[in-house]
Amino acid sequence: MSKKVFVSGCYDLLHSGHIEFFKQASHYGELYVGIGSDATYLEYKHRKPMFPEEERLFMVQSIKYVKQAYINKGGGVIDFIPTLDIVKPDIFVVNTEGGSEEKRQLCRERGIEYIELQRRPAEGLQARSSSSLKAQLGKENDSGKGIPTRLDIAGTWIDQPYVSQYHPGWAITISLEPTFPIRDRCGLSTSTRKMIQMIWPVKLPNMDPEMLARLVFCFENNPEREDGHISGAQDSIGICVPGLARHYYDNNFWPSKIESTKDEMTLRFLESHLVMIPLEPRRAGCSVVENRDITPAKVAALADAADLCWSAILSRDLDSFAKAYKASFEAQTAMFPAMVTPFVNGSPCEQASVQPHIDRYSAMQDVLAWKLTGAGGGGYLALVVRDADKFVASHPESIELHIRRE
């Protein structure tokens with residue numbers, strides 16, 4: 001009697017890599033597939049799948065290697081447990097990136113053989129993954145979706161003169177390909193990005209990145225801006241300067257120097273250890289600058305952490321990078337505690353606090369450091385992890401990052 005083999009996934013962008021995985025898994029017996037529901041996908045990805053669950057079920061069920069497919073009725077990372085109870089498989093197969101101790105322990109408890117397969121393309125075909133397809137789609141999309149965004153790595157707030165007047169220092173940013181939905185009020189410089197789209201709706205012009213950043217900064221901060229707020233230069237620089245950049249501020253709105261690198265191994269190092277977790281956007285009426293406490297010592301701590309962070313990245317020292325990254329965030333929140341628990345309509349709002357999210361992810365074994373994107377108050381948690389591919393595979397809500405090279 002043939003053994004029952006079980007696999008599970010979302011299979012939203014079905015591609016040849018999935019088919020080859022099904023083929024390899026079917027060598028162990030009759031293949032049964034659990035498919036993540038629309039509700040689970042929305043919970044973890046914070047967006048609807050490209051194809052609804054009924055359509056994904058139809059496509060997977062039509063593959064010749066598949067005996068039967070089901071929509072998983074559970075929730076969370078192991079949403080497939082109810083499907084396991086239906087199938088009662090002898091073998092559970094995962095890709096190496098999708099493996100986890102939680103899944104291994106579940107199989108151990110149920111007497112199911114657990115097998116991890118290396119991801120490999122079918123003979124003669126290009127390697128495919130859902131993440132690479134999404135990255136390509138992001139690059140090719142129009143209507144402004146091709147405009148990069150930026151992630152601040154360390155030194156956030158130093159680009160404001162009311163901070164750097166106490167101590168000069170560097171801000172560190174990376175320019176990101178828009179391979180995921182970029183939501184408003186989430187700390188990824190969406191206001192600057194919208195300003196860029198008013199001039200260049202589809203893509204950035206081919207010109208000197210620093211000059212482009214200065215043009216964007218001046219356009220966004222025009223003298224007639226009614227709110228009187230000056231957006232930090234790290235937003236325009238972070239978007240316009242490809243790769244990894246740092247910019248030095250000394251009581252001025254524009255940095256006195258900008259340094260950057262597109263060294264491939266350095267950028268791969270960052271992509272291998274950085275992921276983002278979507279949170280709720282900053283609430284209406286939210287303020288992260290109330291109750292601020294800016295002192296020379298606290299700004300010096302911010303500047304020192306950014307120095308250490310830059311050195312750790314260039315030397316590709318993960319432990320030192322995580323330590324400096326965390327120190328930078330601690331220096332930020334020492335000056336601006338409302339980054340974590342923002343003021344809403346003039347009062348601290350515990351309901352808007354992101355501390356529960358920080359507590360959840362900081363307790364995970366594979367998470368080495370964390371920070372909030374931008375000015376905080378919501379948006380995204382940007383995590384330093386041991387292995388970004390494995391983390392994304394075991395935490396479907398997380399977003400892998402693609403740094404812009406050109």
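What is the handedness of the crossing of helix 8 and helix 10? The crossing is right-handed. This is a feature of a predicted model, and the sections below set it beside other helix contacts.

## Model and confidence

The model is predicted, and its chain has an average pLDDT of 91. Of the residues, 94% score at least 70. Residues 140–144 have a pLDDT below 50. In the model, this stretch has seven contacts beyond near neighbours in sequence.

## Overall build

The chain contains 15 helices and 16 strands. Its radius of gyration is 23 Å, close to the 22 Å given by the globule rule for 406 residues, so the chain is as compact as a globular protein of that length. Along the principal axes, the C-alpha atoms fill a box of roughly 75 × 45 × 40 Å.

## Helix 8 with helix 10

Helix 8 spans residues 190–199 and helix 10 spans residues 233–240. Their axes lie 9 Å apart, and the two helices pack at an angle of about 60°.

On the helix 8 side, the contact involves Thr192, Arg193 and Ile196. These residues meet Asp235, Ser236 and Ile239 in helix 10. By class, the contact has two nonpolar, two polar and two charged residues.

## Helix 8 with helix 9

Helix 8 also packs with helix 9, which covers residues 209–220. Here the axes come within 10 Å and cross at roughly 100°, which makes helix 8 roughly perpendicular to helix 9.

Helix 8 contributes Ser191, Thr192, Met195, Ile196, Met198 and Ile199 to this contact. From helix 9 come Val216, Phe219 and Glu220. The residues divide into six nonpolar, two polar and one charged. Thr192 and Ile196 take part in the contact with helix 9 and also in the contact with helix 10.

## Helix 12 with helix 13

Helix 12 (residues 296–314) packs with helix 13 (residues 318–335) at an angle of about 160°, and their axes are 8 Å apart. The two helices are therefore roughly antiparallel to each other. Their crossing is left-handed.

Helix 12 supplies Lys298, Val299, Ala301, Leu302, Ala305, Leu308, Cys309, Ala312 and Ile313. In helix 13, the residues they meet are Ser320, Phe321, Ala324, Tyr325, Ala327, Ser328, Ala331, Gln332, Ala334 and Met335. This contact comprises 15 nonpolar residues, three polar and one charged.

Note on methods. Residues numbered from 1 in each chain as written. Predicted model: local features only at pLDDT ≥ 70, side-chain atom pairs only at ≥ 80, totals over all residues. Heavy atoms only, no water. Axes fitted to C-alpha atoms, helices over the stretch in contact; angles between N-to-C directions. Helix = DSSP H or I, 4+ residues; strand = E, 2+ residues; numbered from the N terminus. Left-handed = near helix turned anticlockwise from the far one by under 90°. Contact = heavy atoms within 4.5 Å. Nonpolar A, V, L, I, M, F, W, Y, C, P; charged D, E, K, R; others polar. pLDDT = per-residue confidence, 0-100. Rg over C-alpha atoms; globule rule 2.2 N^0.38 Å. Parallel < 35°, antiparallel > 145°, perpendicular 65-115°, else oblique.
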